[in-house]
Amino acid sequence: MKKFLFLLPILLAACSSTVTRKEFDISRYKPVKIPQNACTAPQKEIKESPPVIAARKKRAQEILSKMTLEERAGQIFITGISHRRGSIYTDMNEYMVNVLKTNHPGGIIFYNQIIKSKQQIEHYINDLNTVSRLPLFISVDEEGGTVSRLGVEKDISVVFLPAASKMGALSNPKAAYDGATRLAKDMKALGFNLDFAPVGDFAKEAPDKKLDSRIFSPDVNTVCAYSLQFIKGLQGQGISATLKHFPNIGNLQQEVHDKKTIINFNLNTDAEAILPFKAGIRAGVDFIMTTHVTFAQDNLPITFSKPALDFLKNDLGFKGLIITDDIYAMKSINRHYTIEDAAVAAFLAGHDVIMSLIVEKTHPAIVNAVLDGRITEERLNESVLKILELKLKRAVIK
């Protein structure tokens, strides 16, 4: 027996499975010339037939007609109910069930603190949708690089993408398309349907250092080319993409999350800054996320700026869903406004979806604003219909 003991370490090594992170290999992509009209070139649209669109609108209206005020008010929220008040919930519990049944959020965002394993995530998402009356947007920040919640983990089986700055340095947007396509397939297999990516900001000068690696390039045409391919890669696999942060915070010298930052931004003339968003709109991006920086024109955060959001909808023609950044976690908001007031102001400004960590407070605030007439039923229904139509389009609601 002793003569076989020397084989034990070898046998044990062979039997153990070493889990490694799924890195996306960018070394095979050769540089190509980025077109100087990448932001303005016509986009190949995937057009749906009028009967398909009409049927989807009809079904969304039927779902809406059966919803209570509380249910409709809840649909406009994406919340992180699994991570709050000093507690991290890695599976369903009574508290979370109560939030889903009482506040009826339209979506959940997963933070990295609650992501433990592939099986745990699959069960978690299934439990969330089982409790919720309507299927949820299951969302995550998965840009790659420093902003990765799934790919950065070794045992989640989601590809890890390089930082946007590394991707952009390749000068080959196909890498963004291929990477996003693979990412979307992995996310979909787990049960996710919404990614808060890509970043459409660009910086000609010294950018916000926390945003630096998240920007594809200081060249606007490179940003457009990469953003468009990332969007197409995600949405081609049924994962909604989110272009952020309107109207472009790349050149800000300050960190926008922690303090009040004023942006001198003329929505009518500063065309270059918004080119990536114009291009994304033409490509049919599902979501655009706004920033919390203060808009000099009305001295309000863009989150609450009706002129800025009217420009996005009316002048740029965006028909998709406009979503806030987190109104609770961002100190530029919570140091100056209550979370209840922030939710109502953001919705009145023109957002369709509000990211709110504490939906138990923001949901009643929206309900009360409808009851006292500050928000009309027509305005609420307008956003809820858009949400339902997108959920039907992306097969979130089957």
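## Close-up views of a predicted model

**View 1. Helix α4 meets helix α5.** In this predicted model, Met 96, Val 97, Leu 100 and Lys 101 of α4 are in contact with Tyr 124, Leu 128 and Val 131 of α5. By class, the residues of this contact are 6 nonpolar and 1 charged, with no polar residue. Follow the two helices, α4 over residues 94-103 and α5 over residues 118-131, and you will find that their axes come within 9 Å and cross at roughly 45°. That angle makes α4 oblique to α5. As for its hand, the α4 and α5 crossing is right-handed.

**View 2. Helix α4 beside helix α13.** Here we stay with α4 and turn to another partner, α13, which spans residues 359-371. The axes of α4 and α13 come within 11 Å and cross at roughly 10°. Because angles under 35 degrees count as roughly parallel, α4 is described as roughly parallel to α13. From α4, the residues making the contact are Tyr 95, Val 99, Thr 102 and Asn 103, and from α13 they are Val 359, Glu 360, His 363 and Pro 364. Sorted by class, the α4 and α13 contact holds 4 nonpolar, 3 polar and 1 charged residues.

View 3. Most residues other than glycine have a negative phi. His 104 is not a glycine, yet its phi is positive, at about 50°.

View 4. Most peptide bonds are trans. The bond from Lys 244 to His 245, however, is cis, with omega near 5°. His 245 belongs to strand β9, which covers residues 242-246. The peptide bond from Phe 246 to Pro 247 is cis too, with omega near 10°. Pro 247 sits in the loop between β9 and β10 (262-263).

**View 5. The largest pocket and its lining.** Rolling a probe the size of a water molecule over the atoms shows where empty space is left. The largest pocket in the model has a volume of about 1,100 Å³. Its lining is made by 29 residues, and those closest to the pocket centre are Glu 48, Gly 284, Asp 286, Lys 393 and Arg 394. The largest share comes from α14, with 4 residues. By class, the lining of the largest pocket has 14 charged, 10 nonpolar and 5 polar residues.

Conventions:
Residues numbered from 1 in each chain as written. Predicted model: local features only at pLDDT ≥ 70, side-chain atom pairs only at ≥ 80, totals over all residues. Heavy atoms only, no water. Axes fitted to C-alpha atoms, helices over the stretch in contact; angles between N-to-C directions. Parallel < 35°, antiparallel > 145°, perpendicular 65-115°, else oblique. Left-handed = near helix turned anticlockwise from the far one by under 90°. Contact = heavy atoms within 4.5 Å. Nonpolar A, V, L, I, M, F, W, Y, C, P; charged D, E, K, R; others polar. 1 Å grid on protein atoms, 1.4 Å probe; cavity = no way out; pocket = protein on both sides within 12 Å on 5 of 7 lines; lining within 4 Å. Points joined across faces, edges and corners; volume = space filled by probe spheres on them.
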